[in-house]
Amino acid sequence: MSTQITVRLPDEQTAALDQAAAALKRSRAEVVRQAIEQYLEDFDDLSVAIERLRDPSDPVLDWDEVRRELLRSD
């Protein structure tokens with residue numbers, strides 16, 4: 001099942017969308033679908049990262065310490 005949505009874009013973005021679609025040999029709809037899919041994947045990843053950063057039980061590592069440890073292991 002799919003749902004149709006309508007979006008208003010500035011002329012500049014529409015032109016860029018048309019150029020991308022032509023270069024990719026895809027329809028506008030396909031390019032928009034792929035862009036939204038990638039955006040939502042990134043959004044999910046970012047949400048998980050933020051949740052982990054806010055977790056008080058997650059240890060905070062000192063970069064200088066980690067770097068020293070990594071350099072010592074070589």
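Analyst: A residue is called buried when its relative accessible area is under 20%, exposed when it is over 50%, and partly exposed when it lies in between. The structure discussed here is a predicted model.

User: What is the relative accessibility of Glu30?
Analyst: Glu30 is the partner of Arg26 in that salt bridge. Glu30 also counts as partly exposed, because its relative accessibility is 31%.

User: How many salt bridges does the structure hold?
Analyst: One of the salt bridges joins Arg28 and Asp18, another joins Glu30 and Arg26, and another joins Arg72 and Glu69. For the structure as a whole, the number of salt bridges is three.

User: How far apart are the closest N and O atoms in the salt bridge that Arg28 forms with Asp18?
Analyst: Arg28 and Asp18 are joined by a salt bridge, which requires a side-chain nitrogen and a carboxyl oxygen within 4 Å of each other. The closest N and O atoms of this pair meet that limit, with a separation of 2.5 Å.

User: Which helices does the pair of Arg28 and Asp18 link?
Analyst: Arg28 is partly exposed at 43% relative accessibility, and Asp18 is partly exposed as well, with a relative accessible area of 31%. The two residues are ten apart and link distant parts of the chain, with Arg28 in helix H2 and Asp18 in helix H1.

User: Are H1 and H2 roughly parallel or roughly perpendicular to each other?
Analyst: Two packed helices are described by the angle and the distance between their axes. The axes of H1 and H2 come within 9 Å of each other and cross at roughly 100 degrees. An angle from 65 to 115 degrees counts as roughly perpendicular, and the relation of H1 to H2 is therefore roughly perpendicular.

User: Where is the place of Lys25?
Analyst: Most residues other than glycine have a negative phi. Lys25 is not a glycine, and yet it has a positive phi of about 55 degrees. Lys25 is also exposed, with a relative accessible area of 72%, and its place is in the loop between H1 and H2.

User: What separates Arg72 and Glu69 in helix H3?
Analyst: The side chains of Arg72 and Glu69 meet in a salt bridge of 3.2 Å from N to O. Arg72 is exposed, with a relative accessible area of 58%, whereas Glu69 is partly exposed at 46%. Because they are three residues apart in helix H3, which covers residues 63-72, their separation is about one helical turn.

User: How much accessible area does the nonpolar patch on the surface have?
Analyst: The patch is formed by Ile5, Val7, Leu9, Val32, Ile36, Tyr39, Leu40 and Phe43. Of these, Leu40 lies in helix H2, which covers residues 28-53, and Leu40 counts as partly exposed because its relative accessibility is 45%. Together, the residues of the patch have an accessible area of about 760 Å².

User: What distance separates the C-alpha atoms of Asp11 and Leu46?
Analyst: Asp11 is found in helix H1 and counts as exposed because its relative accessibility is 67%. Asp11 and Leu46 are 35 residues apart along the chain, and the separation of their C-alpha atoms is 30 Å.

Definitions and conventions. Residues numbered from 1 in each chain as written. Predicted model: local features only at pLDDT ≥ 70, side-chain atom pairs only at ≥ 80, totals over all residues. Heavy atoms only, no water. Patch = residues over 30% accessible without salt bridge, like charges linked within 9 Å, V, L, I, M, F, W, Y side chains within 5 Å. Areas by Shrake-Rupley, 256 points an atom, 1.4 Å probe, with all protein chains shown as cover. Helix = DSSP H or I, 4+ residues; strand = E, 2+ residues; numbered from the N terminus. Buried < 20%, exposed > 50% of the residue type's maximum accessible area, 1.4 Å probe, protein only. Axes fitted to C-alpha atoms, helices over the stretch in contact; angles between N-to-C directions. Parallel < 35°, antiparallel > 145°, perpendicular 65-115°, else oblique.
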